[in-house]
Each structure stands twice: as C-alpha cells, then as structure tokens.
Amino acid sequence: MPTALIILAAGQGSRMNSDLPKVLHKIGGAPLLVHGMTAGASLQPERIIVVTGHGAEQVEAAAQAADADVICVRQTEQNGTAHAVAQARDALADFDGDALVLYGDTPFISPQTLEKMAQARTDGADVVVLGFEADDPGRYGRLIVKGNQLERIVEAKDASPKEMDVTLCNSGVKMADCATMFDLIAQIKNDNAAGEYYLTDIVGLARSKGLSVAVVTCPEAETLGINTRAELAAAEAAFQSRARAQALENGVTLAQPETTYFAYDTVIGRDATIGPNVVFGPGVTIESGADIRAFCHLEGCHVSRGAQVGPFARLRPGTELEETARVGNFVEIKNATLAEGAKVNHLSYIGDAHVGAAANIGAGTITCNYDGVMKHRTTIGARAFIGSDTLLVAPVSVGAEAMTGSGTVVTEDVPEGALAIGRARQVNKKGLARRLMEMLRATKKKQAEGE
Ligand code: UD1
Ligand code: CA
C-alpha cells in the first residue's frame, strides 16, 4: 500500500522559551523534524508533507534541505492537530493510499513500530493508533479501549477522574486510508476544553460509523515528545547512550563510551578504535580499522581504513583521508584530500587542498587559502616534502617529489622534483650577541641607579 507521510510542525513550542521553532532544535546534530522524517522514511512514503506555521520559512528550509522532494503546507493559525492535518488535504487530493501522521516534536519512533502499524492496516484495521503505557500519564490523551477496539481518545483536559486513571496513552501517531482520514477530519468539531480541532477525535467518529480502530503499542521511550529544554537535554542523552551501545554492538572499540558523542548519521566500521572525548558532527564515515585518538572533533569527513587521526585533531567538512593517511596533534583539515599514506603530523592547517600519496607535510605548515574574499586551492604532488613552517599562498601547486625549505613562503608553483626556498638569506654577525647583551645590562643598571 503506498503511503503518504504527514508531519505536524506548526506549533510554537512556547515551553522551549526560544526564538528558534521547536522542531528545529537538534538531537545528534539533526533537527527534531529531520528525525521524524527519517523515522517515517522507513515506510518508503511516496509523498512527505510537512505542515508548518510558527517560523514557517526556517522550518521549510530545514525540511527541504533534508529532502528536496518534501511538500510544505502552511497552517496560518494553530487551531489544533486535526486542523493541521486538514492543511495537507490539497497536496494529497490525487493520492490513493494510506496516510501516516507523525508529530514533529516526537523524534524517536522506530521503523519497527511503524511497520507494526502498517501490518495492523494490512490485517484489516481501518484506523491504527500508536499507544504506549505511560509511567506518568500526565497531560497525554487517554486511550479508551473496549474489547479489541479503541473506542475513543480523551484529552487530559477533558477527561473524567476515572478516565484520568487510564495509563494507556496516545503517542499522536495515526494511520488510515488517506480519503477516510480526511473524511473523518472534516467532521471534527472544536467543542472541547481547548476550543481546538483534535485529531484524536477521528477515533470516536470512526467507531460511530462502524469502522474498526486498532491500537499498536511501543515502549514509552519511543514516543518521548519534546516540550522543554530539559526534555531536549534528556532526549539528547538518551540518543547518545543508544548510539554508543549500537557502536559497541557493531564491533567498534570505544575507549570511554560515555565521552564519545555521535551525530544522527555517524557510520563507523568494525574494529575502528575511538579514543576518549571524541565528537562526531554530522556526515562522518569511518572505515574499519581506522584509529581516532583522544580529543578529536570530526564533521563531514571520511576516514579510510588504516588511517590515524589525533590526538587533538579537527577534521572539517570535505576532508577525505585515504588509506593509512595520518593527521596528528593540533592539525585542522578542511575540504582537502590526503591521498594514501600522506602525513600531516603536527600543528598545521590544510584547507582547500589535495595532498598527494606519501607526501609529508612538516610541522606548522599552513595553506593560505583565503584572500579575504575568495578561497583558493593548493595542490601538493605525491611524495613531496614540505619543510616545517611553510606557507603555501594559494592558488599554488608543488610538484611530485618536490621539497620546500623550512620557513618558505611559497607564492609560485614549484616544479616536480625542485627545491623551493623563499626566505631571507642568513647572516652571522661575529660577537654581536654578546656585545648587545652587555649594552642592555648596562642600560638597565643605569636606570636602577637613577631611581
Ligand atoms: C497531543 C495529543 C495527545 C497526545 C500527545 C502526545 C491531540 C489533540 N492531542 O497533545 O493526545 O497524548 O500529543 O505527545 O492531538 N501542531 C500543529 N498545529 C496545531 C497544533 C499542533 O502543527 O494547530 C503540532 C505541534 O507542532 C506538535 C504536534 O502537532 O508537533 C502536537 O501538538 P501539541 O500541541 O504538542 O499536542 P499535545 O498537547 O502534546
Ligand atoms: Ca506535545
């Protein structure tokens, strides 16, 4: 059955106390909204609709950055979750299949849970609701079940004391045939405590029309909704501990797991070793057997088999380390490739560059890639030897097997096999150091006597 995903992301999230729309706050380096989109993607939806409202432009940009095919629709007034879903009607007018509704502030729904919901539809339920047993049901909507049917959902604000005792709660996730869902939504009224159009009312309406409504349950941890900064921090912690456990399970060595920080999309191969206090930003892939030592920060980069990074190294977006390349302490690499066996071991900045195979970059080397307006490239050939403290003023190239003298400022291309030296010639002044020191000491003594 083809599926359309509808993600509700129009709410303000006032309890976050933030200028940023709630769904753009991040966990594991990705906005909450993107976690929802990723979860929903497991059902391979034919269409993804994101309903935006508060901070619509920002939210739309983030949704489209994550998936260019997303359709964004606006809910100009936040009149409730049913009203929000109704905004997707036109975008799905010609759609024949199921609609799955997710909330943009609920990032941890698992693919297995969504598959269970799809299965319940296949097994004949007209409407499927995702519920969970809540430790503390608090403000959650309560699921009122009779026999094997969900009869209705009652919001905490509208519940009787007896209904408040129910612990089976509404996660918000719902699935039904698209036409059925919009048909039911059109009949929802706002005669409740909040004066809102509640999506939860589709359940009672469906039952009154003789349709069947099934509940699928999942662990409470999956339905965790984020409403405050404290909940965001707790969700980040939960995400990190799951990511660490998963990495260990996948055969990655983490020297001190509780100090490794993962992004939502970090990929690390079996038998890679990660030292203490390593942070992975988005877009990192580490191949099997790579060695990332303590206190490194990596984002948007790829580290190949047998490569070694750190301690104390920073790999920024566009860094590609080929097999057995080495990046040592206090080195920053950005938008640059180190070919097989190339080494940048100490105190260097390599940006917008290609470093050839087995080239050796001396301590303190800097690619001067930015002229204040534009960025320029540096190309270093295979087996080149760059002397310590070389400045490579880009655009510039150093040929294969060429060398640069220590302290050289390279402003012109260096041909293959040549040695470039660009620094003032050294002169030794005989005895001058000693005479200079004597003069200075005498001056100091005179000043002290004068006081
Ligand atoms: C909702 C459910 C409740 C459930 C809880 C689970 C309803 C009426 N209630 O309550 O049963 O237990 O989620 O977390 O559905 N949104 C819009 N437009 C609106 C209103 C909301 O886009 O007009 C979006 C919000 O941005 C949010 C989501 O819908 O992503 C849920 O809205 P929220 O106000 O947080 O609902 P709850 O009160 O938490
Ligand atoms: Ca909520």
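A polar contact here is a pair of N or O atoms within 3.5 Å; within protein, one atom must be able to donate a hydrogen and the other to accept it, and residues adjacent in sequence count only if both atoms are side-chain atoms. The structure is a predicted model, in which local features need pLDDT of at least 70 and side-chain atom pairs count only at pLDDT 80 or more, while totals for chains, interfaces and linings use all residues. Residues are numbered from 1 along each chain as its sequence is written, chains are lettered from A and ligands numbered from 1 in the order in which they are written, and side-chain values use heavy atoms, with hydrogens and water left out.

**View 1. Polar contacts of ligand 1.** Look for Thr81, where a polar side-chain atom lies 2.8 Å from an oxygen atom of ligand 1. The backbone also takes part: a polar backbone atom of Gly141 is 2.9 Å from a ligand 1 oxygen, and a backbone N or O atom of Ala10 is 3.0 Å from an oxygen of ligand 1.

**View 2. The shell around ligand 1.** Of the 20 residues around ligand 1 (a heavy atom within 4 Å), those coming nearest are Gly11, Gln75, Thr81, Glu155 and Asn170. The shell divides into seven nonpolar, 11 polar and two charged residues, with Gly counted as polar.

**View 3. His376 in its loop.** You will find His376 between strand S28 (366-368) and strand S29 (378-380); strands are DSSP runs (E, at least two residues). Leaving aside neighbours within four places in sequence, His376 is in contact with Asp352, Asn369, Asp371, Ala394 and Pro395, contact meaning heavy atoms within 4.5 Å.

Key
Helix = DSSP H or I, 4+ residues; strand = E, 2+ residues; numbered from the N terminus.
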